[in-house]
Amino acid sequence: MNQLSLTNRVLLVFNSAHGQPGRLGTVLRQYGYEFDIRRPGEGDELPTDLSGYHLAVVFGGPMSANDDHLDNVRAILNWLPHVVASDTLYLGICLGAQLMARHLGAEIQPHPEGLTEIGYYPVQATPAGRDLFPDEMMVYHWHSEGFDLPEGAELLATSPTFPHQAYHIDERIWGIQFHPEVDDESHERWLAQAGDKTDRPNAQCPDTQRAGRAKHDAAFGAWFEQFAAKVLVREQMANKACQSS
């Protein structure tokens with residue numbers, strides 16, 4: 001960023017009518033952030049002036065990043081040039097990462113063998129990502145498409161099934177394929193609303209997912225708290241340090 005952010009507002013963009021910030025909201029509230037929630041698929045406008053936001057987060061959704069006929073996909077793709085031109089941090093989660101990658105010229109496509117990642121699967125740090133990711137960790141996924149790396153992006157994490165799991169550009173634009181926001185409540189809600197999708201190739205059934213959550217969620221949540229401190233709130237922490245000095 002060209003200058004330290006002086007705002008405690010975070011823009012949260014959801015691709016469903018009922019999406020919630022989950023763990024991401026819990027972590028960011030601890031730093032005093034306030035949320036502006038927009039749902040473009042429900043008719044909410046997205047602000048083109050982002051100077052009043054420290055961070056913009058675009059969450060996942062059941063649609064494809066290639067679904068140009070959907071209101072939310074068109075709205076976000078039309079809005080992303082304003083994000084790229086701004087100084088505001090950006091985090092794309094799953095569909096949010098794919099939409100940014102697409103805007104920057106990368107392709108979004110299904111796995112060539114039709115595989116999905118729905119449940120808990122391992123990701124591995126690349127050499128560039130070892131400051132942010134352990135050598136391997138189990139994370140929660142729900143997707144059937146993946147993104148190519150956009151030009152200028154650095155790959156931070158990979159996996160055997162979908163090799164592009166996390167990227168960043170210029171320390172300001174971040175995309176992750178998995179879902180650190182998912183907590184117990186949101187996980188059960190997803191299983192209740194879309195459990196029929198768990199019979200897709202390579203997907204885990206609900207009971208296997210619940211066992212994975214019991215085994216892996218604590219470490220996954222601790223990782224996200226560290227990631228948030230290093231990536232999402234670093235300017236806010238620097239501002240507080242400057243104000244107290």
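**View 1. Buried residues of helix 4 (184-194) in a predicted model.** Ser186, His187, Arg189, Trp190, Leu191 and Ala194 of helix 4 are buried (under 20% relative accessible area, with a 1.4 Å probe and protein chains only). These buried residues pack against strand 7 and helix 5 (206-232); contact means heavy atoms within 4.5 Å. Helices (H or I, at least four residues) and strands (E, at least two) are DSSP runs, numbered from the N terminus.

**View 2. The largest pocket.** Its volume is about 690 Å³. Of its 31 lining residues, Gly60, Gly61, Pro62, Trp142 and Trp190 are the closest to the centre. Helix 3 (95-103), strand 7 (136-143) and helix 4 each give two or more residues to the lining. Helix 4 gives the most, with five. The lining divides into 12 nonpolar, 14 polar and five charged residues; Gly counts as polar. A pocket is an open set of points on a 1 Å grid, with protein on both sides within 12 Å along at least five of seven lines; lining residues have an atom within 4 Å of a point. The volume is the space filled by probe spheres set on the points.

**View 3. Phe59 and its contacts.** Phe59 sits in the loop between strand 3 (55-58) and helix 2 (71-85). Phe59 is buried, at 2% relative accessible area. Among the residues it touches are Leu12, Phe14, Pro21, Leu24 and Glu181. Ile93 is another contact. Phe59 and Ile93 lie 34 residues apart in sequence but 4.9 Å apart in space, C-alpha to C-alpha.

**Notes.** Residues are numbered from 1 along each chain as its sequence is written, and side-chain values use heavy atoms, without hydrogens or water. In this predicted model, local features need pLDDT of at least 70 and side-chain atom pairs pLDDT 80 or more, while totals for chains, interfaces and linings use all residues.

Methods
On a 1 Å grid over the protein atoms alone, a cavity is a set of points where a 1.4 Å probe fits but cannot get out, and a pocket is an open set with protein on both sides within 12 Å along at least five of seven lines; lining residues have an atom within 4 Å of a point. Buried means under 20% relative accessible area, exposed over 50%, partly exposed in between (1.4 Å probe, protein chains only). Lists of a residue's contacts leave out its neighbours within four places in sequence.
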